[in-house]
Amino acid sequence: DYYGRVDGVLYHDDWGTERAGFFSNEMFDEQLLPYEKKFLRDFVKKSGRFVELHSCGRNGQYLPEMIEMGVDYWNPQHRANDYDELFEKWNTQMSFAFDIDIPHGAGEEEIRRLVRDFVDHFGGNGRILASIMTDFTDPSQTDIARDELYHYSLEYYNKLYHRNNNN
């Protein structure tokens with residue numbers, strides 16, 4: 001009660017390199033899975049909380065284990081993982097945070113196009129969170145991308161779910 005209601009846990013544990021996981025799946029199942037499952041699924045999930053995992057490395061090989069241990073949402077390391085492969089294979093069972101890369105020097109038109117392309121590509125069942133990665137020396141890029149993500153996503157999901165909302 002001291003801290004108020006906790007809605008979820010953001011769990012960080014790096015399990016790999018940019019080429020592959022640190023462990024074979026057999027070793028992962030033996031050394032990590034029982035303990036991760038006990039905490040994440042048996043304690044956090046059973047208490048009605050959400051589990052987000054950030055794990056650097058090319059860790060798609062562990063997705064069955066992630067699901068078994070109760071992870072709802074994985075924030076994979078961008079350049080180490082194939083977003084399309086993860087999306088096609090696992091998006092009905094796992095939510096993801098994928099980056100929208102905005103290149104250095106991109107203008108407003110390009111930024112808005114990149115955001116719309118991302119939403120069109122990954123937006124179908126609503127289980128992808130967009131993480132906007134911009135040129136940090138130009139804060140206006142972030143403002144433009146956020147504006148486009150908000151307005152275009154609203155339009156996209158209103159059409160998808162046959163809603164007549166303009167807010």
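What follows is a short walk through a helix packing and the aromatic rings of a predicted model.

Residues are numbered from 1 along each chain as its sequence is written, and side-chain values use heavy atoms, without hydrogens or water. Because the model is predicted, local features need pLDDT of at least 70 and side-chain atom pairs pLDDT 80 or more, while totals for chains, interfaces and linings use all residues.

Start with helices H5 (residues 108-122) and H6 (residues 139-160). Helices are DSSP runs of H or I, at least four residues long, and strands are runs of E, at least two, numbered from the N terminus. The axes of H5 and H6 lie 9 Å apart, at an angle of about 40°. Axes are lines fitted to C-alpha atoms over the stretch in contact, and angles run from 0 to 180 degrees between N-to-C directions. H5 and H6 are therefore oblique to each other.

Now the rings. Rings of Phe, Tyr and Trp (its six-membered ring) pair if their centres lie within 6.5 Å; planes under 30 degrees apart are stacked, over 60 edge-to-face, and the rest tilted. The count comes to 16 aromatic pairs. Phenylalanine 28 and tyrosine 62 have ring centres 4.4 Å apart and planes at 20°, so they are stacked. Phenylalanine 28 sits in helix H1 (residues 25-31) and tyrosine 62 in the loop between strand S2 (50-55) and helix H3 (63-69), so the pair ties together parts 34 residues apart in sequence. Elsewhere, ring pairs link Trp74, Tyr83, Phe87, Phe96, Phe98, Phe118 and Phe122 into a cluster.

Notes
Parallel < 35°, antiparallel > 145°, perpendicular 65-115°, else oblique.
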